[in-house]
Amino acid sequence: MDITTLVGIAVLSAVLCVIVRQYKPEMALGVSIACGILIMCSVISMLAPAVELISQLTGSAGLDGGYSRTLFKALAVCYITQLGSDCCRDAGESAIAGKVELAGKAAVVVISLPVFTSLAEIVTKLIG
C-alpha cells in the first residue's frame with residue numbers, strides 16, 4: 001500500500017469512529033484499534049526493503065550486524081509502544097498510556113545495553 005491509501009484508510013476509519021461512537025462507543029475503540037493494526041502492518045511491509053538494504057550495507061562495510069539488529073529492535077519497540085499508548089489514549093486511559101510509554105523507554109534501554117557495553121570496551125581500550 002502506498003501512503004495515500006493508508007491516509008485514506010485512516011481518514012475513513014476516523015469518520016467511521018465518530019459515527020459509531022454516537023451509537024456504540026465501545027465499538028468505536030475496536031474500529032480504531034483495527035485501523036491502527038492495519039496501518040502498522042502496512043508500514044512494516046513498507047519498511048522491509050529499507051531494513052534489508054541497511055543490513056546489507058552494514059555487512060558490506062564490515063560492521064557488526066548486532067548493531068543494526070539492536071537499532072531495528074529499538075525502532076520496533078518504539079512503534080509498538082506508540083501504537084499501544086495511542087490506543088490507551090483513545091480509550092480515555094491516559095495514565096495507562098503514560099505507563100506504556102515508560103515501559104517502552106525501559107525496553108529500549110535494556111535492548112541498548114549490549115551497544116553501551118561495546119562502546120565502554122572500546123573507550124577503555126583507547127584510554128588504556
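Guide: We will go through the labels, setting each value against its definition. This is a predicted model, where local features need pLDDT of at least 70, side-chain atom pairs count only at pLDDT 80 or more, and totals for chains, interfaces and linings use all residues. Residues are numbered from 1 along each chain as its sequence is written, and side-chain values use heavy atoms, with hydrogens and water left out.

Visitor: What makes S42 count as buried or exposed?
Guide: Buried means under 20% relative accessible area, exposed over 50%, and partly exposed in between, with a 1.4 Å probe and protein chains only. S42 has a relative accessible area of 9%, so it is buried.

Visitor: Where is S42 found, and what does it touch?
Guide: S42 is in helix 2. Helices (DSSP runs of H or I, at least four residues) are numbered from the N terminus. Leaving out residues up to four places away in sequence, S42 touches M1 and L6. Contact here means heavy atoms within 4.5 Å.

Visitor: Which residues of helix 2 are buried?
Guide: They are A28, S32, C35, G36, M40, S42 and T58. These buried residues pack against helix 1 (3-23) and helix 3 (65-90).

Visitor: How does the span of helix 2 compare with what is expected?
Guide: The expected span is 1.5 Å times one less than the number of residues. Helix 2 (residues 25-60) has 36 residues, with 52 Å expected. From first C-alpha to last, helix 2 reaches 53 Å, which is close.

Visitor: Where is the kink in helix 2?
Guide: The kink lies at L47, shortly before the proline P49, and is about 35°. The bend at a residue is the angle between axes fitted to the seven residues ending there and the seven starting there. After helix 2 comes G62, whose phi is positive, near 80°.

Visitor: Why does the span of helix 4 agree with expectation?
Guide: Helix 4 (residues 94-127) has 34 residues, so at 1.5 Å a residue it should span 50 Å. Its end C-alpha atoms are 47 Å apart, which agrees. Helix 4 also bends by about 45° at S112, and the proline P114 follows within four residues.

Visitor: Which residues of helix 4 are buried, and what do they pack against?
Guide: A97, G104, I111 and S112 are buried. The buried residues of helix 4 pack against helix 3.

Visitor: Why is T81 called buried?
Guide: T81 has 15% relative accessibility, so it counts as buried. T81 is found in helix 3. Beyond residues up to four places away in sequence, T81 touches V100, E101 and G104.

Visitor: Which element gives the largest share of the lining of the largest pocket?
Guide: Helix 2, with seven residues. The lining has 13 residues, and I44, L47, V51, A76 and Y79 lie nearest the pocket's centre.

Note on methods: Helix = DSSP H or I, 4+ residues; strand = E, 2+ residues; numbered from the N terminus. 1 Å grid on protein atoms, 1.4 Å probe; cavity = no way out; pocket = protein on both sides within 12 Å on 5 of 7 lines; lining within 4 Å.
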